[in-house]
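Subject: Structure handover

Hi,

Here is the structure I said I would pass on.

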Amino acid sequence: MKIVHTIADLRAQLRGQLRTAFVPTMGCLHEGHLSLMRIAARHGDPVVASIFVNRLQFAPHEDFDRYPRQLAADAEKLAAEGVYVLFAPDESEIFPEPQVFRVQPPSELGNMLEGEFRPGFFGGVSTIVLKLFHCVQPQVAVFGKKDYQQQMLVRQMCAQFSLPTEVISAETVRDADGLALSSRNAYLSDEERTEAPRLYETLKQVRSRIEAARDSASLSVEVCRELEDAALGLLRGRGWQPDYLSIRRQADLAEPTAEAFSLGGLHQPLVILVAARLGQTRLIDNLEVDVGG
């Protein structure tokens, strides 16, 4: 595996490649990241990974400075997966001058859910992803569904800018107890780690109740709101500090409509999204629901 730190060296390594597959990361790699590398290898060749902790997507009060960094260990894992090039630039390489040009996501998608609770986050994500895409020029890029809203925004950005990059969404990888793998799980204390799978269990409970309401033809906007409120209350009762738990349409993350439910929900597959803090650690997760039965 080649490890390069400059855009010039990256382009030299990739010159003449026709089906580059790319996985952007912020490092501290776990099995979830490595599964993305394997998916990338099935859709393109060579596979390029990047490790860059993007300052633009962190608010001043967030964990940019303490975000875990372990380049040597990450490089070993990527080499074992057969990754061809690891692009690991310094900040000065990506931002040789202040990044005053930014990508502004559409407000109807970028300012809800994560965008509401992390203002500017998706602008920072979109800007760095676009910049990395220009550096790597991939034909395929793989993003995990754990960051559900993010992968949707990236796909829409590629379409809006006519980028020649196919965005592939990969299923969330979980520990045996259901906790979605995340670099931030390392922040959890032993006691918090025992409680953390409750987030996924809560999503599964909500999904089961949606399916039960669907099967009894009682699913409605009001039922969805009741399920959200009950789940939020359950999390708060166990010491979580939730930002949101919301039932949305898979297609665009808008709120489900009464009209579609009146037709049995046949054209309204849903996703339940949640973000909640456990102690000092903020976790996100989601679970898709096909209400068409």
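Below is what I found, starting with the whole chain and then going place by place.

A bit of background: this is a predicted model, where local features need pLDDT of at least 70, side-chain atom pairs count only at pLDDT 80 or more, and totals for chains, interfaces and linings use all residues. Residues are numbered from 1 along each chain as its sequence is written, and side-chain values use heavy atoms, with hydrogens and water left out.

**The whole chain**

The protein chain has 12 helices and 9 strands; these are DSSP runs numbered from the N terminus, helices being H or I with at least four residues and strands E with at least two. Its C-alpha trace spans about 60 × 45 × 35 Å along the principal axes.

Of the 293 residues, 54% are buried. Buried means under 20% relative accessible area, exposed over 50%, and partly exposed in between (1.4 Å probe, protein chains only). As for contacts (heavy atoms within 4.5 Å), take those between residues at least 6 apart in sequence: 73% of them join residues at least 24 apart.

**Helix α1**

Helix α1 covers residues 7-14, and its buried residues are Ile7, Leu10 and Leu14. They sit on the same side of α1, because they cover an arc of only 60° around the axis (the arc is that of the directions from the helix axis to the C-beta atoms). The buried residues of α1 pack against β1 (2-4), β3 (47-51), β4 (85-87), α4 (91-94) and α7 (121-136). Just after α1, glycine 16 takes a positive phi of about 90°.

**The loop between α4 and α5**

Two residues to look at here are glutamine 99 and valine 103. Valine 103 is buried, with a relative accessible area of 13%. Leaving aside neighbours within four places in sequence, valine 103 is in contact with Gly123, Ser126, Thr127, Leu130, Met157 and Phe161. From valine 103 to serine 126 is 23 residues in sequence and 5.9 Å in space, C-alpha to C-alpha.

Glutamine 99 counts as buried too, at 19% relative accessibility. With neighbours within four places set aside again, the contacts of glutamine 99 are Leu56, Ile94, Thr127 and Lys131.

Most residues other than glycine have a negative phi, and most peptide bonds are trans. Here are some places to check against that.

- The peptide bond from aspartate 45 to proline 46 is cis, with omega near 5°. Proline 46 is in the loop between α2 (31-43) and β3.
- Alanine 217 has a positive phi, near 60°. You will find alanine 217 in the loop between α10 (198-215) and α11 (221-237), where it is exposed, with a relative accessible area of 72%.
- Leucine 253 has a positive phi as well, near 65°. Leucine 253 lies in the loop between β7 (241-249) and α12 (258-262) and is buried, with a relative accessible area of 0%.

Cheers
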